[in-house]
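Subject: Structure for you to look at

Hi,

Here is the structure I promised to pass on.

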Amino acid sequence: MALPFVIWLIIFKYIPIAGWTMAFQDYKPQLGIFEQEWVGLKHFKELFNEPMFYRALENTLGMGVLGLVFGTLTAILFALFLNELRFMALKKWTQTISYLPHFVSWVIVANIVITMLSTDGFINNFLVSIGILDQPINFMAKPEMFWGIVTAADVWKETGWNAIIYLAAMAGVDPQLYEAAKVDGASRFRQMWHITLPSIRSVIIVLLILNIGNLINIGFEKQMLLGNNIVYEKSIVIDLYALDYGIGMFRYSFGTAIGIFKSVVSVILILICNSFAKRLGEGRVF
């Protein structure tokens, strides 16, 4: 049963690794594989000498950390909320509605966010009506707010979907533990704190390790769609940098070098976090 997925993994994940050789060549599409000029680490040296690369790296790590922290916390809190609901119809309805945004394209989400944050949008009108703002402000033209806007949009879109695994882990907690806690007079908050969260701690650790490994792989769709020329220095991330300065400028070898850098950093992060979890005796990936 696993064979089709193994074949898919080999074809689409392992065979393309052969393309990494492009990072060590001055790749020209019109030439054959064995006709390319080998240049060693030339493109990696260029990468580490580019000031914009470090700006993109800073933005990637900044938005990645914000997304990891707030995304994990909101998913766990939302799963706890759903787990405490006793009306099954309401629980299923709420859960269904919450993970629907996951299937909505970032093109649509970006349009919703831009519309709501425009000077005549709902957010500005609401803040002005309650006296927080004297006059509307253009949120999308504030570079210092860009990270927060992207993080908020991502949390809204993915919280319901990310909560599914935590909710499934909570469903496996022994009900007798809750009954014993009730006998001892524990409130529902105490039951969540002393029973539910410790019971799913290993799941939380494993997901954190996997998410930290993808810290630098946050994509570029939301940054490209929500960004503009005014906030460009805060919106450019590694993937967008590879697109603009690599493929966009026909520097295929340079773009491949960026991809290799991302992969190496991701593996290192996973190994460090997995080793740390292993020392703590908590759940780990391997």
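**H3 against H10**

H3 and H10 cross in a right-handed sense. Bear in mind that this is a predicted model. The two helices pack at about 150°, and their axes lie 11 Å apart. An angle over 145 degrees counts as roughly antiparallel, so H3 is roughly antiparallel to H10. On the H3 side, the contact uses Leu68, Thr72 and Ile76. H10 brings Ile204, Leu208, Asn211 and Ile212. By class, that contact has 5 nonpolar and 2 polar residues, with no charged ones.

**The largest pocket**

Two of those contact residues turn up again here. Leu68 and Asn211 are among the residues nearest the centre of the largest pocket, along with Gly67, Asp154 and Asn162. In total, 28 residues line this pocket. Its volume is about 640 Å³.

Which elements give two or more residues to the lining? They are helix H3 (51-84), helix H7 (146-171), helix H10 (201-213) and helix H11 (221-226). H7 gives the largest share, with 10 residues.

**H13 and its two partners**

H3 also packs on H13. The angle is about 145° and the axes are 8 Å apart. Met52, Phe53, Ala56, Leu57 and Thr60 make the contact from H3. Ile238, Tyr241 and Tyr245 make it from H13. Of these residues, 7 are nonpolar, 1 is polar and none is charged.

The other partner is H14. Helix H13 covers residues 238-245, and helix H14 covers 252-280. Their axes come within 8 Å and cross at roughly 165°. H13 and H14 are therefore roughly antiparallel to each other. The crossing of H13 past H14 is left-handed.

From H13, the contact with H14 takes in Ile238, Asp239, Tyr241, Ala242 and Tyr245. H14 answers with Phe254, Ile258 and Lys262. This contact has 6 nonpolar and 2 charged residues, and no polar ones.

**Where to start**

Best wishes

How values were computed
Residues are numbered from 1 along each chain as its sequence is written. This is a predicted model: local features need pLDDT of at least 70, side-chain atom pairs count only at pLDDT 80 or more; totals for chains, interfaces and linings use all residues. Side-chain values use heavy atoms; hydrogens and water are left out. Axes are lines fitted to C-alpha atoms, for helices over the stretch in contact, and angles run from 0 to 180 degrees between N-to-C directions. Helices (H or I, at least four residues) and strands (E, at least two) are DSSP runs, numbered from the N terminus. Angles under 35 degrees count as roughly parallel, over 145 as roughly antiparallel, 65 to 115 as roughly perpendicular and the rest as oblique. A crossing is left-handed if the near helix is turned anticlockwise from the far one by less than a right angle, and right-handed if clockwise. Contact means heavy atoms within 4.5 Å. Ala, Val, Leu, Ile, Met, Phe, Trp, Tyr, Cys and Pro count as nonpolar, Asp, Glu, Lys and Arg as charged, and the others, Gly among them, as polar. On a 1 Å grid over the protein atoms alone, a cavity is a set of points where a 1.4 Å probe fits but cannot get out, and a pocket is an open set with protein on both sides within 12 Å along at least five of seven lines; lining residues have an atom within 4 Å of a point. Grid points are joined across faces, edges and corners, and a volume is the space filled by probe spheres set on the points.
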